[in-house]
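Keep the viewer open as you read.

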Amino acid sequence: MMQPVRFGLIGFGAWGRHHAEAIVKTSDARLVAITARSEGTANAARDAFPQAATYTDYRRLLDRDDIDVIDIVLPSHLHHEVAAAALGSGRHVLLEKPMCLSLDDCDDLIGIARRQNVRLAIGHELRLSSLWGRVNEMIDAGFVGDPHYVLVELSRNPYRQGADGWRYDISRVGNWILEEPIHFFDLARWYLKSAGDPVSVYATANSRQADHPELQDNFSAILKTSGGAYAVVTQTLAAFEHHQTVKVTGSKGALWASWSGAIDRTRHPTFSLRVFDGGEVQSVPVERAAGELFELEDQIAMLVRSIQHDGPVACTAEDGRWSVALCLAAQRSVDAGTAIEVGTAEARA
Ligand SMILES: NC(=O)c1ccc[n+]([C@@H]2O[C@H](COP(=O)([O-])OP(=O)(O)OC[C@H]3O[C@@H](n4cnc5c(N)ncnc54)[C@H](OP(=O)(O)O)[C@@H]3O)[C@@H](O)[C@H]2O)c1
């Protein structure tokens, strides 16, 4: 029988709690310890998961000798410091997106993971979705022919503040493109992988917050690839509920996937996938429910399998780095008002 994979979770906020639930639901995974910053949150973690030890200093969790994977669900400005320490201690790491706030920091983590010969997986769980993942499978199977155009669009209610308001503090969040549009750049690059690497991004954004123009409620970008395809990534945070659309067209056919929920974390969404093969339009049944809570569970299960059987992870550090690179280039484009070339610096890893 395989040994269970033992998890140490660092960060127990809005999303970290869901990680904890996903770990305990996964057969062959054990939740050994949890770290938060405050006593109050550590106590809440102890109440909810009495089987896990709790700490308020992540270094004490790293000092334990009974943990295989460190799962990092911290405010984004802490990702590099804590992931570097976790990888340096010889553990596998699941690091939430955005991988880091700079490419140098991403490169540093990739280097440590390679030297330590451990896995570094990034939390782009939409790749595991029964809906968004199905779109990818159909593209790979040639359903649309050569993909030429991808639209990833979201309209939703405003972002959560985060513990201590970090998400509304540009020095800690990096920028708001690194929050949600980063997932869409990840999907767009994935869907267009047969159309070459990204070569440029042109983006614009605005804010309804006069005193905080850097917190961009509306964001749109056009990403071009070396093969002549392009993706439109666009979102508004000034809307209601959570509604996401993906459209893909190619030389032969078209795909249209949509997902709606009262909030992003609902377990009761509505979703559909309609496809056109150049002849007729069909509805494709999607057997499993789609949504980030389900995908998070699948992501933890895939990481456990990856460690036990030396298999792949859903999103590698190199892919996570690419998505950071595209977000940083998009922010430069917003600031400059011109298209930004995405070149060797972005592609290097
Ligand atoms: N993949 C996805 O779909 C997805 C979805 C949501 C969020 N995320 C990412 O997940 C991360 C966390 O987001 P969130 O919404 O969960 O944030 P959050 O609600 O603000 O939670 C942050 C947690 O980190 C803890 N913390 C802060 N500083 C710490 C430190 N030095 N040591 C240990 N713990 C510390 C906080 O503890 P206290 O409570 O004690 O302050 C809190 O428990 C972000 O990077 C975000 O981008 C990803």
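Beyond its neighbours within four places in sequence, Val93 is in contact with Val69, Ile70, Ile72, Ala83, Ala86, Leu87 and Leu120; contact here requires C-beta atoms, placed from the backbone, to lie within 7 Å. A word on the model: it is predicted, with local features needing pLDDT of at least 70, side-chain atom pairs counting only at pLDDT 80 or more, and totals for chains, interfaces and linings using all residues. Numbering starts from 1 along each chain as its sequence is written.

Val93 also stands out in the largest nonpolar core: of its 109 residues, Ile72, Val93, Ala188 and Leu326 touch the most other members. Such a core is a set of buried Ala, Val, Leu, Ile, Met, Phe, Trp, Tyr and Cys residues joined through C-beta atoms within 7 Å. At least three core residues come from each of domain 1 (5-125 + 296-316) and domain 2 (126-288 + 323-347), with bounds from an automatic or database domain assignment.

Helices and strands are DSSP runs numbered from the N terminus (H or I, at least four residues, for helices; E, at least two, for strands). In helix α4 (residues 79-88), the buried residues are His79, Val82, Ala83, Ala86 and Leu87. They span an arc of only 130° around the axis, so they sit on the same side of α4; the arc is taken from the directions from the helix axis to the C-beta atoms. Their cover includes β1 (5-10), α3 (58-62), β4 (69-72), β5 (92-95), α5 and β6 (120-122). Just after α4 comes Gly90, with a positive phi of about 85°.

Helix α8 (residues 181-191) is mostly covered, with 11 of its 11 residues buried. In α10 you will find Gln331, which counts as buried because it has 23 C-beta neighbours inside 10 Å. Leaving out residues up to four places away in sequence, Gln331 touches Asn175 and Ile177. Gln331 and Thr204 are 127 residues apart in sequence, yet 8.3 Å apart in space, C-alpha to C-alpha.

The centres of domain 1 and domain 2, taken over C-alpha atoms, are separated by 25 Å. Domain 1 brings 19 residues to the contact and domain 2 brings 20 residues. On the side of domain 1 that touches domain 2, α5 (103-116) and α9 (292-309) are the elements giving two or more residues, and α9 has the largest share, three residues. By class, that side has 11 nonpolar, five polar and three charged residues. Here Ala, Val, Leu, Ile, Met, Phe, Trp, Tyr, Cys and Pro count as nonpolar, Asp, Glu, Lys and Arg as charged, and the others, Gly among them, as polar.

## Around the ligand

Where does the ligand lie? Both domain 1 and domain 2 give residues to the shell around the ligand, so it lies between them. Of the 29 residues around the ligand, Gly13, Trp15, Ser38, Thr41 and Gly162 come nearest; a residue belongs here if its C-beta atom, placed from the backbone, lies within 6 Å of the molecule. Helix α1 (residues 14-25) gives the most to this shell, with three residues. The shell divides into 12 nonpolar, nine polar and eight charged residues.

Terms used: Two residues are in contact if their C-beta atoms, placed from the backbone, lie within 7 Å. A residue is buried if 20 or more other C-beta atoms lie within 10 Å of its own, exposed if 12 or fewer, and partly exposed in between; C-beta atoms are placed from the backbone.
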